Amino acid sequence: MASVKQIQFRLRLAKKTLTRATKEVTATKARVKKLESQLTKAKAAEKKAQAKKKPAAKKKPVAKKKPVAKKKPVAKKKTAARKKPAPKAE
């Protein structure tokens, strides 16, 4: 069984933990509220900007290109026949 002093010590620790957690919750709630207000402001600004924006101009369809007539392949030139090397004179 725990003594009175141990129980008092644990009770103080629990109270400290609860106090710290409560402060964190309060701070987090404030932060969430601040972020939500920023979000609503940003959405309003975006909506306002879109209202001012001109509608995008429609692009004209690109005309199809006519098929190009195929060219006949160019005949390769024949290479000149090689001359045999002259026999060496001794």
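I began with the surface: the protein chain exposes about 11,000 Å², and carbon and sulfur atoms supply 62% of that area. Accessible areas here come from the Shrake-Rupley method with a 1.4 Å probe, and for residues only the protein chains shown count as cover.

A note on the source: this is a predicted model, where local features need pLDDT of at least 70, side-chain atom pairs count only at pLDDT 80 or more, and totals for chains, interfaces and linings use all residues. Residues are numbered from 1 along each chain as its sequence is written, and side-chain values use heavy atoms, with hydrogens and water left out.

Next I looked up burial, and buried residues make up 0% of the 90 residues in the protein chain. Buried means under 20% relative accessible area, exposed over 50%, and partly exposed in between (1.4 Å probe, protein chains only).

Then I turned to the fold and found one helix and zero strands in the protein chain. Helices (H or I, at least four residues) and strands (E, at least two) are DSSP runs, numbered from the N terminus. The radius of gyration is 45 Å, well over the 12 Å that the globule rule gives for 90 residues, so the protein chain is more spread out than a compact globule. That radius is taken over C-alpha atoms, and the rule is 2.2 Å times the number of residues to the power 0.38.

Last, I picked A75, which sits in the segment after helix 1 (4-52). A75 counts as exposed because its relative accessibility is 68%.
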